[in-house]
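The sequence and the model are shown first, and a description follows.

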Amino acid sequence: MDFEGTSIISIRDMERESLLRIIEVSNEIKGGRHAGCLEGKVLATLFFEPSTRTRLSFESAMRRMGGSVIGFAGEDYTSVRKGESLYDTIRTVCGYCDAIVIRHPVEGAARLASEVATVPVINAGDGANQHPTQTFLDLFTMTEFFADFSKLRVGFLGDLKYGRTVHSLAYALSLFRTPMWFISPELLKMPEDLMQEIGRNGSKTHELEDLDRLEGTLDVLYVTRIQKERFGDMQEYAKVAGCYRLTKKVVEQLGRDVKIMHPLPRVDEIAMEVDELENAIYFKQAHNGIPVRQAVLGLVVGTLK
Amino acid sequence: MSEKTYKVYAINDGTVIDHIPAQKALKVIDILGLENEGILTIGIGFSSHKMGKKDIIKIENKYLKKEETDRISLIAPQATINIIREGGLREKRKIEIPKEYIDIVKCLNPNCITSKAEVKTRFKIVQSSPLVLRCHYCERIVNAGDVEIQ
């Protein structure tokens with residue numbers, strides 16, 4: 001499988017083998033291999049909306065591989081403000097770099113950029129749509145604790161309706177037929193068409209409104225925040241928010257070995273006391289953004305095969 | 001095919017679109033942009049063994065191409081296309097749902113790049129019966145019944 005020149009836009013473009021290859025290379029990089037393989041290469045990070053952690057982790061990944069970074073964050077400081085189209089921005093920047101990372105508030109902007117660009121484009125988030133490298137690092141983190149996706153039992157908790165990370169990860173896991181449990185208030189359930197897609201791919205799914213009956217069931221619980229602004233009625237929010245807050249006691253009830261993941265940033269959906277438990281792997285997960293993005297950059301630029 | 005059949009719908013040259021779902025003929029004309037394309041004959045509410053009721057359109061001196069057929073497939077997937085030349089049936093074909101609709105369907109997501117930039121819309125087929133499409137750019141799903149033609 002050759003990634004050279006390939007843009008990474010959506011998890012729907014990925015096959016099982018491509019995901020496993022990215023995980024394999026990430027693992028090699030984490031083990032100390034491939035240092036300096038992007039020497040002399042330039043990455044452009046085009047952040048049309050702010051995202052500190054994603055941008056910093058891409059920049060760190062590029063520099064750790066020996067490459068350099070150009071770019072901007074926030075369109076206020078660019079020609080975009082003068083009215084330049086995305087098309088022209090991308091066409092121009094392609095001449096300055098070996099790969100582009102783009103974050104844009106408009107859905108589909110990264111796909112369009114990849115169709116215009118002459119270098120590979122990596123989507124670092126396009127509105128509510130896709131953020132594939134987050135999914136890669138989620139999958140990679142799981143493989144550090146569990147051997148086989150098809151035998152993994154994964155739960156998702158919180159806002160499953162709007163959560164882009166949940167949608168992408170659930171889709172990716174469905175390629176491995178991973179059984180999944182979706183736990184959310186009625187108002188924030190998984191979109192029906194996505195549930196059908198996951199089912200068609202061969203995953204068994206369960207939808208629940210609370211964690212009560214899941215003692216000993218899950219290997220991984222992936223937690224996301226329930227945003228206040230999704231609720232018209234604040235009383236309704238207050239009622240729901242408490243039920244989806246993870247405390248030490250709740251984790252202990254779920255099972256001794258369950259791993260807790262979260263895409264971060266967290267607000268109060270996981271109590272700080274959970275951090276000290278071995279079950280909490282969300283900071284490891286965040287740090288895995290570096291080797292995974294190193295792997296993706298090396299593969300699409302073509303210095304890693 | 002007997003000649004008699006074609007006397008009922010007689011055109012010498014052009015396209016007959018048969019088996020259009022009842023009451024959809026005007027929409028088909030709209031989609032194909034045929035309002036000012038010469039002589040049209042429209043039949044609405046004909047009896048049909050297959051469909052109960054159906055509409056029929058005859059377009060004189062115009063031979064529908066595949067791209068146009070693709071446009072019709074969104075609202076009349078069961079329609080049949082008859083190409084008539086010199087008074088005889090020269091070609092009869094069913095409408096096929098393409099793998100992708102390019103520059104036909106409007107994306108209803110106001111935050112899709114196709115609503116913000118000059119770019120041709122592209123919709124891929126998720127399933128054909130009932131027809132469900134997905135925007136190539138923002139990846140939103142749309143059911144055939146909710147499709148808006150550009």
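How many residues does the contact take from chain A and from chain B?

## Contact between the chains

The model described here is predicted. The contact draws 14 residues from chain A and 14 residues from chain B. On the side of chain A that touches chain B, helix α4 (residues 109–116) of chain A supplies the largest share, with 3 residues. Sorted by class, this side of chain A has 4 nonpolar, 6 polar and 4 charged residues.

## A parallel strand pair in chain A

In chain A, strand β1 (residues 42–47) pairs with strand β2 (residues 68–73) in the parallel sense, over 6 bridges. Within the pair, Val42(A) lies opposite Ser68(A), a residue of β2(A).

## Nonpolar cores

The largest nonpolar core comprises 101 residues. The residues with the most contacts inside this core are Ile100(A), Tyr222(A), Ile260(A), Val296(A) and Leu297(A). Helix α11 (residues 289–301) of chain A contributes the largest share of the core, namely 8 residues.

Which residues does Val296(A) touch, not counting residues up to four places away in sequence? With that exclusion, Val296(A) touches Ile8(A), Ile22(A), Ile122(A), Thr133(A) and Phe136(A).

Notes. Residues numbered from 1 in each chain as written. Chains lettered and ligands numbered in written order. Predicted model: local features only at pLDDT ≥ 70, side-chain atom pairs only at ≥ 80, totals over all residues. Pairing = 2+ DSSP bridges. Helix = DSSP H or I, 4+ residues; strand = E, 2+ residues; numbered from the N terminus. Contact = placed C-beta atoms within 7 Å. Nonpolar A, V, L, I, M, F, W, Y, C, P; charged D, E, K, R; others polar. Core = buried A, V, L, I, M, F, W, Y, C linked by C-beta atoms within 7 Å. Buried ≥ 20, exposed ≤ 12 C-beta atoms within 10 Å, placed from the backbone.
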